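Please read them with the model open.

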Amino acid sequence: MSGSKEDSRRASSDWRDFFWNPRTHELLGRTGTSWGLVLLFYLIFYLFLAGLFALTMYILLLTLDDYKPTWQDQLDTPGMMIRPKGDQLEIRFSVSDPESWNGFVQNLNSFLTSYNDSHQVQLNDACSPDQYFIQEDSGEVIGMLPGKDGQSPYVTCGAKKEDREKMGPLTYFPVNATFNLMYYPYYGKKAQVNYTQPLVAVKFLNASLNTDINVECKVTSNTLMAGSERDKFAGRVSFKLRIDGQEDQ
C-alpha cells in the first residue's frame, strides 16, 4: 500500500514539475527564453506567408483591367431573362384572384422603376436610334456588337409543339420586338454606371385557360449562331405559363 501511494505522489509531482518547474523555471518543459524563440519563429514564419500571399495578390491585381475582363466567355449570344420572375421560371395566376397576381405586378413595377422617362433623362444620354452608340472615352471593353448591316437583334416567342394551339396570338413591344442597336456596344458596369439593359415586352392575347403552356423566347441576330455546342440554351429562356380562370360558355 505504501509503495502505491509513494508512486502516486511521485507521478503527481512529476506532472506538476512538467507543467511548471519552480527550480528550473520551465513551463511545459521549456524555459521562457525557449518559448520566446519558438513564438518568434512562428511569428516570422506566418508574417512571411502573409507577405508572400499579399505580394502574389498584388501582382495578380496588376494584371487585371478595371474595365475589360482578362478572360471572356466564348459565347457571342447575350443572355436572356424574363420579368416578372416566378418560382422556377413559372408564371401562374388566377384572373379572379388578385392576390395571385399582385406579386407579379409589384415585381414589374419595381423592376421598371429605372426605366422611368424622368429617371432616364437625368442619368443617361440620348442615343441616335438604329446605330451603335460608340463612346471613344470608354475604350474597347466588352466588345459585344450584336447585329450588323443595320439589323438589330430581335426576340421571338413560341410554344412547344404540343402547346402551340394553347398559346394563341402574341403582340410585342416594340412592335418589331428588337433590341435597338443604340443600346450597344456595352462597355461594362464600370464604364456605364447608369446603363439600363434593353427590354422587349410580349403580350399573350388569347392564351388558353386552366392549362400549362411551355413557352420559349430567344434572341435572333445575323451575327449570332443558331445554337451553341457549349450551351444550347444560350440566348434563350424557357418558362411555364398557366392562367387559371373560368372558361367562356
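1. Asn124 is placed in the loop between helix H4 (117-123) and strand E5. The model is a predicted one, and the distances below are to be read as computed from it.

2. Asn124 has a relative accessibility of 23%, so this residue counts as partly exposed; the cut-off for buried is under 20%. Its side chain makes a polar contact with the side chain of Gln120 at 2.8 Å. The side chain of Asn124 also reaches the backbone oxygen of Asn194, at 3.4 Å.

3. Which residues does Asn124 contact, leaving aside its neighbours within four places in sequence? They are Asn194, Tyr195 and Thr196. In the chain, Asn124 and Gln192 are 68 residues apart, yet 9.3 Å separates their C-alpha atoms.

4. Thr196 sits in the loop between strand E6 (170-173) and strand E7 (201-204). Is Thr196 buried or exposed? Its relative accessible area is 16%, so Thr196 is buried, the limit being under 20%.

5. The side chain of Thr196 makes a polar contact with the side chain of Gln120 at 3.3 Å. Gln120 therefore has polar side-chain contacts with Asn124 and with Thr196, a polar contact being a pair of N or O atoms within 3.5 Å. With neighbours within four places in sequence set aside, the residues in contact with Thr196 are Ser114, Tyr115, Gln120, Asn124 and Tyr183.

6. How many disulfides does the structure hold? There is one, formed by Cys157 and Cys217, with the sulfur atoms 2.0 Å apart. Cys157 belongs to strand E5 (residues 154-159) and Cys217 to strand E8 (residues 212-220), so the bond ties together parts 60 residues apart in sequence. The torsion about the S-S bond is about 110°, so the disulfide is right-handed.

7. Both Cys157 and Cys217 are buried. Another cysteine, Cys127, counts as partly exposed because its relative accessibility is 27%.

8. Strand E8, which carries Cys217, is joined to strand E9 by seven bridges, and the two run antiparallel. Within this pairing, Val215 stands opposite Phe239 in E9.

9. Strand E9 (residues 236-244) is also joined to strand E4 (residues 90-94), by five bridges, and here the strands run parallel. Glu90 has Lys240 as its bridge partner in E9. E9 is thus paired antiparallel with E8 and parallel with E4, a pair needing at least two bridges.

Technical notes
Residues are numbered from 1 along each chain as its sequence is written. This is a predicted model: local features need pLDDT of at least 70, side-chain atom pairs count only at pLDDT 80 or more; totals for chains, interfaces and linings use all residues. Side-chain values use heavy atoms; hydrogens and water are left out. Helices (H or I, at least four residues) and strands (E, at least two) are DSSP runs, numbered from the N terminus. Buried means under 20% relative accessible area, exposed over 50%, partly exposed in between (1.4 Å probe, protein chains only). A polar contact is a pair of N or O atoms within 3.5 Å; within protein, one must be able to donate a hydrogen and the other to accept it, and residues adjacent in sequence count only if both atoms are side-chain atoms. Contact means heavy atoms within 4.5 Å. A disulfide is a pair of cysteine sulfur atoms within 2.5 Å.
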